[in-house]
Number of protein chains: 2
Amino acid sequence: MSKIETNKALVKRLLDEIWGREDFSHVEEFIAFPYTLFNDPNDPWDGQSLDRDGFVERVRKSRAPFPDQKFTVVHWVTDETQVAIAWTWDATHKGDIPGFPATGKTLAMSGMTVYPVIDGKITGHWQVADRLTIGQQLMANKA
Amino acid sequence: MSKIETNKALVKRLLDEIWGREDFSHVEEFIAFPYTLFNDPNDPWDGQSLDRDGFVERVRKSRAPFPDQKFTVVHWVTDETQVAIAWTWDATHKGDIPGFPATGKTLAMSGMTVYPVIDGKITGHWQVADRLTIGQQLMANKA
């Protein structure tokens, strides 16, 4: 595989094993710790560098209110040292989040993320998610 | 120049000539019309395909309330057919926007954009901007 294909494969494993299935058994093969949230506005861990335990905690707590959440990658842009993805996110709001007890609503959001890759592992991310749209969906009157 | 360098140069011209200086005199050299906003949630032109006049109108109307706005590219990720950028935006809120008359506040936001390149020109964009943070900044009490 080319370096570009190798880098892309790392992000596919992050999305599938970690965000898809909460399977952390091989996480050290594609994530370097500490894992840094260089930019992720309004994420509770924005700006932090997480060790393995902190990384696992963030994934579990982020997924808990949205157990059926699904990321779909719309665009991949990959070079020798970074992977950028444009994605959509779909989920049912089944658990409480700050300010919003579970509503049961179906939510949809888009976002983009860039992952730096150093020595064959992802070292963190720089991300923007369309959280304004989520707020609008949560505040809208139920249909 | 490699195709990757050529693609990157197109986006640099878009940011410099169009968003930086509202200089549309050479826009046809790097933008293909219609220019499509494939995804740009809460942008008034989201989903539209703009001809040259519509493209110019969007840039002028978007910049009008923020005449000193500045985009700073934090990350570039470029391949043979796309350019992704992660950026920060700084501006002074000097003109009215819907729901918010000019406040004079200094605003800061981050975002990411992916530009597809076909036949040597940018054909549109897929973008997410952190508009929630702008809302929080506008609603916060003045210091």
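These questions and answers walk through a predicted model with chains A and B.

Me: How are the two copies, chain A and chain B, related?
Reply: A rotation of 180 degrees superposes chain B on chain A, with 0.0 Å of shift along the axis. The RMSD of that superposition is 0.0 Å. The copies are thus related as by a two-fold rotation axis.

Me: Which residue of chain B comes closest to the rotation axis?
Reply: The axis in question belongs to the 180 degrees rotation that superposes chain B on chain A. The distance is taken at the C-alpha and comes to 2.3 Å. The residue is B:Leu132.

Me: Through what do the copies meet?
Reply: Take the interface residues of chain B. Of these, 100% are also interface residues in chain A. The copies therefore meet through the same surface.

Me: What is the strand order of the sheet in chain A, and which strands are its edges?
Reply: Six strands form an open sheet with mixed pairing. Their order is 2-1-6-5-4-3. An edge strand pairs on one side only, and in chain A these are strand 2 and strand 3 (70-78).

Me: In what sense do strand 1 and strand 6 of chain A run, and what is the bridge partner of A:Leu37 in strand 6?
Reply: Four bridges join strand 1 to strand 6 of chain A. The two strands run parallel. In strand 6, the partner of A:Leu37 is A:His125.

Me: Which residue of strand 2 of chain A is the bridge partner of A:Thr36?
Reply: Strand 1 and strand 2 of chain A pair over two bridges. Their sense is antiparallel. The partner of A:Thr36 in strand 2 is A:Ser49.

Me: How many bridges join strand 5 to strand 6 of chain A?
Reply: These two strands run antiparallel. The number of bridges is six.

Me: What angle does helix 1 of chain A make with strand 3 of chain A?
Reply: Helix 1 packs on the sheet of six strands in chain A. The helix touches strand 1, strand 3, strand 4, strand 5 and strand 6. Its direction makes an angle with that of strand 3 of about 170 degrees.

Me: Is A:Asn7 buried or exposed?
Reply: A:Asn7 is found in helix 1 of chain A. Leaving out residues up to four places away in sequence, A:Asn7 touches A:Thr78, A:Asp79, A:Glu80, A:Thr81, A:Gln82, A:Val83 and A:Val117. The relative accessibility of A:Asn7 is 3%, so A:Asn7 counts as buried.

Me: What do the buried residues of helix 2 of chain A pack against?
Reply: Helix 2 (residues 52-63) has 12 residues and reaches 17 Å from its first C-alpha to its last, close to the 16 Å expected. Its buried residues are A:Gly54, A:Phe55, A:Val56, A:Arg58, A:Val59 and A:Arg63. They pack against helix 1 (3-20), strand 1 (31-39), strand 2 (49-50) and strand 6 (121-129) of chain A.

Me: Which strands are included in what covers the buried residues of helix 3 of chain A?
Reply: In helix 3 (residues 131-139), A:Thr133, A:Ile134, A:Gly135 and A:Leu138 are buried. The cover over these residues includes strand 4 (82-92) and strand 5 (106-118) of chain A.

Me: Which element supplies the largest share of the largest nonpolar core?
Reply: This core has 33 residues, and those with the most contacts inside it are B:Leu14, B:Ile18, B:Phe55 and B:Ile122. Several elements of chain B each supply at least two residues, including helix 2 (52-63) and helix 3 (131-139). The largest share is six residues, and its source is helix 1 of chain B.

Me: What is B:Leu14 in contact with, leaving aside its neighbours within four places in sequence?
Reply: B:Leu14 is among the residues with the most contacts inside the largest nonpolar core. Its contacts beyond those neighbours are B:Trp19, B:Phe30, B:Ile31, B:Phe55, B:Tyr115 and B:Ile122.

Me: Which residue of strand 5 of chain B is the bridge partner of B:Asp90?
Reply: Strand 4 and strand 5 of chain B pair over 11 bridges. The sense is antiparallel. The partner of B:Asp90 is B:Ala108.

Notes:
Residues numbered from 1 in each chain as written. Chains lettered and ligands numbered in written order. Predicted model: local features only at pLDDT ≥ 70, side-chain atom pairs only at ≥ 80, totals over all residues. Heavy atoms only, no water. Expected span 1.5 Å × (residues − 1). Buried < 20%, exposed > 50% of the residue type's maximum accessible area, 1.4 Å probe, protein only. Contact = heavy atoms within 4.5 Å. Core = buried A, V, L, I, M, F, W, Y, C linked by side-chain atoms within 4.5 Å. Least-squares fit on C-alpha atoms with pLDDT ≥ 70 in both. Pairing = 2+ DSSP bridges. Axes fitted to C-alpha atoms, helices over the stretch in contact; angles between N-to-C directions.
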